[in-house]
Amino acid sequence: MANHNSRHTIILLQNSHNRATRTFMDYDSIGQAMDGICGLYERKLKEINPSLRNLSYDIADLYNFIDGLADMSALVYEHSMSAYLPYDRQWIKQKAFNHLKRLANGGR
């Protein structure tokens, strides 16, 4: 069986109700995708607070950011089926939480 973390992941997102804001980001793993989502949020925080040197936020702030997007979902490659499986915003929030918890525990 392939390593769970090496599953190609595509994040689909739409920033506002304007369909022109639809975009996607693709990553080699679920963990990298979660890093990408956190990075997206961190860039937004820097735009809002350009003078802040150190950014800090908690999981509720990240959840609010994810919920504030018009749409966000993930497509994760499932090797056993040779297909991408869709996951919703709730799944993304759970994976982001687990990912940040792992990072806070020193990457274990």
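Biologist: In which loop is Ser82 found?

Modeller: This is a predicted model, in which local features need pLDDT of at least 70 and side-chain atom pairs count only at pLDDT 80 or more, while totals for chains, interfaces and linings use all residues. Residues are numbered from 1 along each chain as its sequence is written, and side-chain values use heavy atoms, leaving out hydrogens and water. Helices (H or I, at least four residues) and strands (E, at least two) are DSSP runs, numbered from the N terminus. On that assignment, Ser82 is placed in the loop between S3 and strand S4 (83-87).

Biologist: Is Ser82 buried or exposed?

Modeller: Although Ser82 is not a glycine, its phi is positive, at about 55 degrees. Buried means under 20% relative accessible area, exposed over 50%, and partly exposed in between (1.4 Å probe, protein chains only). Because the relative accessible area of Ser82 is 54%, the residue is classed as exposed.

Biologist: How far are the C-alpha atoms of Asn54 and Asp28 separated?

Modeller: Asn54 is located in the loop between H1 and H2, and with 68% relative accessibility Asn54 counts as exposed. Asn54 and Asp28 are 26 residues apart along the chain, and their C-alpha separation is 28 Å.

Biologist: Which residues is Glu78 in contact with, leaving aside neighbours within four places in sequence?

Modeller: Glu78 belongs to strand S3, and its C-alpha atom is separated by 27 Å from that of Ile59, 19 residues apart along the chain. Contact here means heavy atoms within 4.5 Å. With sequence neighbours set aside, the partners of Glu78 are Arg7, Ala83 and Leu85.

Biologist: How many residues apart in sequence are the parts that Arg7 and Glu78 tie together?

Modeller: A salt bridge is a side-chain nitrogen of Lys or Arg within 4 Å of a carboxyl oxygen of Asp or Glu. Arg7 and Glu78 form such a pair, their closest N and O atoms being 3.4 Å apart. Since Arg7 lies in the segment before strand S1 (9-14) and Glu78 in strand S3 (residues 71-78), the parts tied together are separated in sequence by 71 residues.

Biologist: With which residue does Lys93 form a salt bridge?

Modeller: Lys93 counts as buried, at 8% relative accessibility. The closest N and O atoms are 2.9 Å apart, and the partner of Lys93 is Asp67. This pair links distant parts of the chain, 26 residues apart, with Lys93 in helix H3 (residues 89-104) and, in helix H2, Asp67.

Biologist: How many salt bridges does the count come to?

Modeller: A further salt bridge joins the side chains of Arg89 and Asp71, at 4.0 Å from N to O. Arg89 lies in helix H3 and Asp71 in strand S3, so this pair ties together parts 18 residues apart in sequence. Arg89 is buried at 18%, whereas Asp71 is partly exposed at 39%. By the stated rule, the count of salt bridges is three.
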